[in-house]
Amino acid sequence: MAESDFLAMLAEGGYQVGALAKLRYPGGIEIEGLNHAAAEAQTREYLQRDSVVLFESAIRVGDFFIRIDVLVKSGNRFELIEVKAKSYNSLEPGIEGKRGGISSGMLPYIQDAAFQTWVLRQAFPEAEITTALMMPDKAQLAPLDGINQMFKIGERLDVELRIPQGLDMQALAETLLARVCVDRYVEQVLNQPLDFPGGPAMLGDAAQNWAEAYRNDRRIAPVIGAHCGGCQFKAALGDALKSGFHECWKAANGWEDRDFDGGTVLDLWNFRGKQQLIDQGVLKISQVTREDIGDFDDEPEAGGLSRKQRQWLQVGGIPADYDCGGYYFDRALAAVEMSRWRFPLHLIDFETSAVALPFYRDMRPYEPVAFQFSHHVMEADGSVRHAGQFLCVEPGEFPNYRFARALKEALEGDEGSVFMWSHHENTILSRIVEQLANGHADNAADDNETRHARFPHPECFPSPQPSPACGRGGERERLSSIPGANG
Ligand code: SF4
């Protein structure tokens, strides 16, 4: 596994969430091993019992093989639970989008659960089956420090439990993980045609088709489209790895390597009409016409290039009469922007973490922890120096307020403009203000101090509003009832 994949999996927190979910079912039995046949045999044996809870149960029906995160059997009733590291807020409409129907963010999780349900129904046609998702609940507060550290992840992605004696982990899991029944959404997915590239199809029919193709080593003809912009199987041409993207586009269009020179319509920046162009046979960026982009003036506006001007520039390439050699530089716009800067310029960059299982008491799942910043200063003569940094590496210490104080101290010595890489920095500071306002503060004065830190875009740094999730008396009462959770 590549290091970046490993870090991404750690950051997502799926292993820790999975381990916590199992603690919600004391007495649950783990189906061990990756050997399919052995896992199936073990599962079959345990399912002879009238009541049992299995983790990673292995079910096979014909060509289909699934591992279910948690399967609760009680007589003829099965509860299929898929554990996801997806954040969820039990105080908000969670599964449905604003316009009704399953939200696009939740759809892959529902489809995954629906497929598992579809297979389980075939394995046990007489059983009553319900389906649920289990996810970290952002509406809940951690009742004690150090929950994340109780689930230490080893190099092999195994989770080593370090649970304090006497702590009721079942109650903790029930608090931090929402169990959401998704039966009606599963029915929607299973009973309506789904939008697959190449045309709508029922999930079961599509799965049968793909399984048959896999069994017979039959290549499925690619259906290219705007969705290929997010293709997971893309490698650079000439790379040692095969590139699924290039294979598909060559097969679908009769292309050769050189046809990719200059780019495809998929490369057009922020353009919503890609599918329409592909449907019309416009595949190369050089084939895009001005009419395809839509109406726009040739002259850049005072605020810089418009979206369409920028797209058209991309289609035509950098004109020869620009004197910058290979890139476009809007001198007039840059001059206006730079006239607002005040030296010395402060360049800040934060390192933060937002994990599923909180590090500290009173934090919610996925609440950010700010543990490092770097601070560089550029003087009016162009010289740059490393002015300072903050780093908190003390295990168990909540760094956010110390971080905010150190940042304020670093920036308050002059009136220089502050630059940051992205909105991330302002988002983090806004969250720290909210944490202070929501009663996490060890010093109420920090609230004002943090909110009035000098930033170039104060509109991005709003005063916190009381959130509906903050009427916490009931929550706190419930949380403090967890045996052993005294902080
Ligand atoms: S290019 Fe990628 S996204 Fe497009 S059809 Fe092929 S595999 Fe699918």
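In which strand is glutamate 56 found? Glutamate 56 is found in strand β2, which covers residues 51-61; helices (H or I, at least four residues) and strands (E, at least two) are DSSP runs, numbered from the N terminus. The structure is a predicted model, in which local features need pLDDT of at least 70 and side-chain atom pairs count only at pLDDT 80 or more, while totals for chains, interfaces and linings use all residues. Residues are numbered from 1 along each chain as its sequence is written, and side-chain values use heavy atoms, with hydrogens and water left out.

Phi of glutamate 56 is near 60 degrees, a positive value in a residue other than glycine. Glutamate 56 counts as partly exposed, at 24% relative accessibility. In these terms, buried means under 20% relative accessible area, exposed means over 50%, and partly exposed lies in between (1.4 Å probe, protein chains only).

Strand β2 belongs to an open sheet of six strands in the order β1-β2-β3-β4-β5-β8, with mixed pairing. Two strands are taken to pair if DSSP finds at least two bridges between them. At the edges of the sheet are β1 (29-30) and β8 (177-181), each of which pairs on one side only. Strand β3 (residues 64-74) and β4 run antiparallel and are joined by five bridges; valine 70 stands opposite isoleucine 81 in β4. Strand β4 (residues 77-83) and β5, in contrast, run parallel, with seven bridges between them. Here phenylalanine 78 stands opposite isoleucine 129 in β5.

Strand β5 (residues 128-136) is mostly covered, with eight of its nine residues buried. Threonine 130 lies in this strand and is buried, with a relative accessible area of 15%. Leaving aside neighbours within four places in sequence, threonine 130 is in contact (heavy atoms within 4.5 Å) with Arg77, Phe78, Glu79, Leu80 and Asp183. Threonine 130 and isoleucine 81 are 49 residues apart in sequence, and their C-alpha atoms are 8.6 Å apart in space.

In soluble globular proteins, nonpolar side chains tend to be buried together. A nonpolar core is defined here as a set of buried Ala, Val, Leu, Ile, Met, Phe, Trp, Tyr and Cys residues joined through side-chain atoms within 4.5 Å. The largest such core has 42 residues, and those with the most contacts inside it are Ile59, Ile95, Ile110, Leu120 and Val182. Helix α4 (residues 107-123) supplies the largest share of this core, six residues. A second, separate core has 29 residues, including Phe55, Ala132, Leu144 and Met169. Valine 182 touches Ile95, Ile110, Thr131, Ala132 and Leu133, when residues up to four places away in sequence are not counted.

In helix α8 (residues 244-253), the buried residues are Phe245, His246 and Trp249. Seen down the axis of α8, these residues fall within an arc of 95 degrees, so they line one face of the helix; the arc is that of the directions from the helix axis to the C-beta atoms. The buried residues of α8 pack against α9 (274-279). Just after α8, glycine 254 takes a positive phi of about 65 degrees. Asparagine 270, found in the loop between α8 and α9, also has a positive phi, of about 50 degrees, although it is not a glycine. At 39% relative accessibility, asparagine 270 counts as partly exposed.

Serine 417 is found in the loop between α13 (400-411) and β14 (418-420). This serine is buried, with a relative accessible area of 11%. The side chain of serine 417 reaches the backbone nitrogen of arginine 342 at 2.9 Å. Not counting residues up to four places away in sequence, serine 417 touches Arg340, Trp341, Arg342, Pro344, Leu345 and His346. Among these, proline 344 lies in the loop between α12 (331-338) and β11 (345-354), and the peptide bond from phenylalanine 343 to proline 344 is cis, with omega near 0 degrees.

The structure holds zero disulfides, a disulfide being a pair of cysteine sulfur atoms within 2.5 Å. Cysteine 248 is partly exposed, with a relative accessible area of 29%, whereas cysteine 392 counts as buried at 8% relative accessibility.

Notes. A polar contact is a pair of N or O atoms within 3.5 Å; within protein, one must be able to donate a hydrogen and the other to accept it, and residues adjacent in sequence count only if both atoms are side-chain atoms.
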